[in-house]
Amino acid sequence: MNAIEIRNLSKSFRGLYAVDHLNMTVPVGAIYGFIGENGSGKSTTEKLICGHLVPDAGEIRLFGRDYTDAGVRVRVGALIENAGCFPNSSVRDNLMMQAINLGLEDRDGEINRVLAIVRMEDAANIKFKSCSLGMKQRIGIAMALLGDPALLILDEPINGLDTDGMCIMREILVDITKNYGCTVVISSHILGELEKIATHYGIIRQGKMIMELSAEEMDSRAQVFISLKTKDVRGAMAVLKQHYTDVRLTEDGGLRVYDVDDTEGIVKVLLENGHVVSEIWRNKIGLEEYYIELMSKKGADAT
Amino acid sequence: MTRELQFETPGFAKRLRGMLGVDFYRLFHTPMFYIFLAIAAFIPALIVGTTGMQNPDGTVTQGLYTNVWNAVAADTPLYTFHDMGGYANMNMVFIFGGIMVSIFIGHDYKSGYVKQLFTTHAKKQDYMLSKTITCAFAMMGMCITYLVGAIAAGLLVGLDFSVNVGSLVIAVLSKMLMSFGWASLYTFLNIIFRRYFGISIASSFFFGTGILIIGIGAILGDTPLINVFLYGSSVYACLGANIVTLVVCLVCSAVWTAVYQLLGTRILSKCDIY
């Protein structure tokens, strides 16, 4: 059973498709990194899953049930755009209202539990409007965590946060994803952060899902490359190009040889041609580079 | 960490209980509710309190009423606008109520809280019904404080209190019943104009004043046909009320509540939340 199964989902605004026949599969227990450019349709897809928008066409199933089923919806938590709290009410009052809405029995206990998860036990009685952006995002997550959700949908939870806020948020997300056993969909532009926690990825472009893959698949697809440093970079590059197909200059004045796992061979070729290698190491491209590479290929295909 | 997943579908009663719980919690925790209760008490006090006041030139202001209960309801149903005294009675609660409902629902959308509600198990009909019940309750509260304000001012000014108690009780009860119809109308208007807070308030105020129905009354005259409208039935609940008045108000309020519930639920279901 999948936590989310979307088939041919479409949503348009004034004739323009924000989501265009999108298919998406999120396995139960996955931490699904939802990646795409601005305006690619990530937030719209998440709003459709949350029932905030009415789809033009397509099917959304959550845990095998129709997404409008109250039984499954009661186990969905979301942070979309903002926390959705009343500014003049205290943090506790806002959480209390959601706890009442969910019909929770031990409301105070549950509120204390989620406040502890988001490290906000001491801020329960301050007004929501007095909270910083980072605190508001954490309160939004606390709201979403009320009532033991089986599915969490977090739209750009790290966006706009400073370094400290981002660090705290990452710790919270790791905590939630590792220790509370719910399926999580996170959209984020900060791919380096996402890479640390995601088990699956979905890459969306112009409202269409262009690729879905697990972290393992991602790892196997990620190009291996050899990075090296030498004094005469241009000369070394010319030599390497005679033996290897994909050799690139890097911004820091080094060289990268892609799709090759032959450190010794590279060193040997360069030495034979009078180039001394000062540093050399094997690496794999990260999610961010993979994504940029993929997008540039898709962009080239489109033109 | 994996967990066994169990999905228990909450029934209508449980869903509505949750939604009502939230709305009443909000109502009682927001100063706005108490401000509107105070306004509802202050307005009749202001109107009645002008009676007998001395002007700077030494003359005495002629009050709108000689009998305090005229501040609550007119002696007979006056659908058209004859004078301020006939218009300015407990029906004004429904104007303030409209503004209060606009603010109450507007905050749901402005804060984004409505997203939290609809992300979880809440259905669109639960939202409509819960808002109607909560706001009707608030308007009934305003009817009571209006009554208290009128009595207090009447005692201070020394107005006549003679009345047919049975008719008065029926008139007040009938107006309180009308709160459901009005709350349903305002909820519906605020659902339509959910993206435009200012228009929501303006439309609530416009319909609350009963201008449209007064206009119809001006054309048709003081005919009981106007009782099919919320404003008509609200006016019908006058000091000459009897059990028929109560039934008319009950039926009118119930029918319009049902109509607006259906329409509002339909709009919410077919349109994006925001």
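The contact between the two chains takes 37 residues from chain A and 36 residues from chain B; two residues are in contact if their C-beta atoms, placed from the backbone, lie within 7 Å. On the side of chain B that touches chain A, the elements giving two or more residues are helix H1 (12–29), helix H4 (92–111) and helix H5 (113–119) of chain B. Of these, H1(B) gives the most, with ten residues. Helices (H or I, at least four residues) and strands (E, at least two) are DSSP runs, numbered from the N terminus.

This is a predicted model, in which local features need pLDDT of at least 70, side-chain atom pairs count only at pLDDT 80 or more, and totals for chains, interfaces and linings use all residues. Residues are numbered from 1 along each chain as its sequence is written, while chains are lettered from A and ligands numbered from 1 in the order in which they are written.

I turn now to chain A. Its open sheet of six strands has the order E6-E7-E8-E3-E9-E10, with mixed pairing; two strands pair if DSSP finds at least two bridges between them. Strand E6 (76–79) and strand E10 (208–214) of chain A stand at the edges, each with a single partner strand, so one side of each lacks a neighbour in the sheet.

Within this sheet, strand E7 (residues 151–155) and strand E8 (residues 183–187) of chain A pair in the parallel sense over five bridges. There, Leu151(A) stands opposite Thr183(A) in E8(A).
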